[in-house]
Amino acid sequence: MRTLVLVRHAKAEATPSGPGGDHARTLVARGRRDAAALGEVLRDSGLLPDLAVVSTGARARQTLESMLGDDGVETWPTRRVYDGGLDGVMEAVREVPDHVEVLWVVGHEPVMSTTAWELADPERTGPALREAMSSGMPTATAAVLELEVPWSEVDLGCARLVGRHTGRGEESDG
């Protein structure tokens, strides 16, 4: 059994403060707090990653850093998670080594919720979780999926959505 945790970055500034445009947007103070809280929720749920794949966008990288705190985890930054859409995320996941049991992918909306929605087999996912995911993912929110296939074989409908957690002070589902 493998676990895929898809994370939407935490609250970021509305407009970039310097050059670099959207790619350079950084977290606001609330975003750093929410990301740290989400990391704690996932850690307490036994979901510390063996590997983290992260968008090259500044706010996604900062979200991951805040989530991990002092935990040393191998990290693969990739532009595919920033602007490759569902296909980019799927390509990145399929490259993950077989020994990885828990994988975090930290990226952006609407791609993170779309990926969760498309990977989740509706027959194996509860209606409450499907409903929660149907309207997207707020900032500092994670969708947790279980897979019984190797990473290289991840495809649409291959997973079971088992949880949705947030670091925003709201209750978690699942």
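This is a predicted model: local features need pLDDT of at least 70, side-chain atom pairs count only at pLDDT 80 or more; totals for chains, interfaces and linings use all residues.

Me: What makes β2 and β3 a parallel pair?

Reply: Two strands pair if DSSP finds at least two bridges between them. Strand β2 (residues 51-55) and strand β3 (residues 74-78) have five bridges, in the parallel sense. By the way, strands are DSSP runs of E with at least two residues, helices are runs of H or I with at least four, and both are numbered from the N terminus.

Me: Which hand does the crossover from β2 to β3 have, and how do you know?

Reply: With the strands pointing away from the viewer, a path from the first strand over the helix to the second that runs clockwise is called right-handed. The β-α-β crossover from β2 through helix α2 (residues 58-68) to β3 is right-handed.

Me: In what order do the strands of the sheet come?

Reply: The six strands go β3-β2-β4-β1-β5-β6 in an open sheet with mixed pairing. β3 and β6 each have a single partner strand, so one side of each has no neighbour in the sheet, and that puts them at the edges. Further in, β2 and β4 pair in the parallel sense over four bridges, with V53 opposite V105 in β4.

Me: Why say that the buried residues of α1 line one face?

Reply: Buried means under 20% relative accessible area, exposed over 50%, and partly exposed in between (1.4 Å probe, protein chains only). In α1, the buried ones are G31, D34, A35, L38, G39 and L42. Down the helix axis they fall within an arc of 140°, so they line one face; the arc is that of the directions from the axis to the C-beta atoms. A29, R33 and D44 are exposed on the other side.

Me: What do the buried residues of α1 pack against?

Reply: They pack against β1 (2-8), α2, β4 (102-107), β5 (141-147) and β6 (159-166). Contact here means heavy atoms within 4.5 Å.

Me: What makes α2 "mostly covered"?

Reply: Nine of its 11 residues count as buried. Among them are A58, L64 and M67. Just after α2, G69 has a positive phi of about 60°.

Me: Why is A140 called buried?

Reply: A140 has 0% relative accessibility, so it counts as buried. A140 lies in the loop between α6 (127-134) and β5, and its phi is positive, near 55°, in a residue other than glycine. Most residues other than glycine have a negative phi, and most peptide bonds are trans.

Me: Where is there a cis peptide bond?

Reply: Between E109 and P110, with omega about 5°. P110 lies in the loop between β4 and α5 (111-119).

Methods
Residues are numbered from 1 along each chain as its sequence is written. Side-chain values use heavy atoms; hydrogens and water are left out.
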